[in-house]
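Please read the following tutorial dialogue alongside the model it discusses.

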Amino acid sequence: MNGYSDRFETIFKCDLEAVSDKVNLCIAHIEQSAAGNNIGLGVITRTKWVITEMLTNAIKHSDVEECLLTIRMNATQLLFEKKDNGNPLSLHRCDEDKKIVWPLESASFPKKIQVSHNGSESLWAVADDANHVIFYIQEIGDPAMPALLKDTNEHFGLLILTKASDTFEYHYEPESATNRFLSTFNLQAI
Amino acid sequence: MILKTRETNRVVMATILPVEASLANSDPFKEEMISLMVQGARLIIVSFENVNYIDSSFLGSLVVALKYALPRNIDIYLVSLKPDVHNLLTLIRMDKVFKIFKDYDEATATLNNA
């Protein structure tokens, strides 16, 4: 990927006990690389949430022994990527009550998929082809108590990844059966 | 053991002991919370005073505990949340689902005023 002056790679062995150390290693690198730039505590906090969720997902869902973590950064963007050759992304589609697995089998794109809905906001995935999807949140209202207990439970991880990132997306590379989860943070937005 | 508990008149003060509330301890946390309710708690005040960060798995267990509590007229309050933990709950709107107080004293004051 072009335009990123700083690049850091590390392997994560999918071990629960190693999550915290790996998160701290990544955050330390970001803080060190950003020295002198006003990256902001908010971005650090959000990045920490994202890395934690990505590593937890690797352990819970990927069924691999390790994955590759890459951090790229320039003056305006921070990008965190998790790459593995494990199970491709699968989601429970709440609007049709069925499970979908990547690569998608569909004749028409873009395809909008409602992942979760709690009465006050919906988590959507928009697939622009069979192998790429971007997640976003649709705010619906602000009731006193959203119906979070209905169906959001299974999707807290995706919700955190989507809301904490400025852009959260997934790529599936069929030739190599590689999964790439990418989270982007706009540093100029601080 | 994930929780250190103290019970007075079916009100349980439950302090989460680990610094990281995560997938590593989310299942035992859920089991201990449900066990407290089975034993007769009418209110569990969960203190996050030791917790530096929380992940989606632990949040899931917290919600499972609340789902167990609600039909049984049991309350779950959260207290002493550090900013990062509170901000994550706010991010996914869990702050509107749980009753959150600054500390144990503020939480128990609501009982005295009831």
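The dialogue below takes up chain A and then an annotated span of chain B.

Q: Which conventions apply to this model?
A: This is a predicted model, in which local features need pLDDT of at least 70, side-chain atom pairs count only at pLDDT 80 or more, and totals for chains, interfaces and linings use all residues. Residues are numbered from 1 along each chain as its sequence is written, chains are lettered from A and ligands numbered from 1 in the order in which they are written, and side-chain values use heavy atoms, with hydrogens and water left out.

Q: How many helices and strands does chain A have?
A: Helices (H or I, at least four residues) and strands (E, at least two) are DSSP runs, numbered from the N terminus. Chain A has 4 helices and 10 strands, in the order β-α-α-β-β-β-β-β-β-β-α-α-β-β from the N terminus.

Q: At what angle do the axes of helix 2 and helix 4 of chain A cross?
A: Axes are lines fitted to C-alpha atoms, for helices over the stretch in contact, and angles run from 0 to 180 degrees between N-to-C directions. Here helix 2 (residues 41-62) and helix 4 (residues 156-164) of chain A cross at roughly 145°, their axes coming within 9 Å. On the side of helix 2 of chain A, the contact (heavy atoms within 4.5 Å) includes Trp49(A), Val50(A) and Met54(A), and helix 4 of chain A contributes Gly157(A), Ile160(A), Leu161(A) and Ala164(A).

Q: Is Ser183(A) buried or exposed?
A: Buried means under 20% relative accessible area, exposed over 50%, and partly exposed in between (1.4 Å probe, protein chains only). Ser183(A) has a relative accessible area of 0% and is therefore buried. This residue is found in strand 10 (residues 178-186) of chain A. Among the residues that Ser183(A) touches, beyond those up to four places away in sequence, are Val50(A) and Met54(A). For chain A, 51% of the 190 residues count as buried.

Q: Which side chain makes a polar contact with the side chain of Ser183(A)?
A: A polar contact is a pair of N or O atoms within 3.5 Å; within protein, one must be able to donate a hydrogen and the other to accept it, and residues adjacent in sequence count only if both atoms are side-chain atoms. The partner is Ser165(A), at 2.4 Å. Another such contact, of 2.6 Å, joins the side chains of Thr10(A) and Lys22(A).

Q: Which residues of chain B does the "domain: STAS" annotation cover?
A: UniProt positions are given in the numbering used here, feature names are shortened, and annotations may be inferred rather than shown by experiment. The unreviewed UniProt entry places this annotation on residues 20-111 of chain B. That span is 48% helix and 18% strand, and its end C-alpha atoms lie 29 Å apart.
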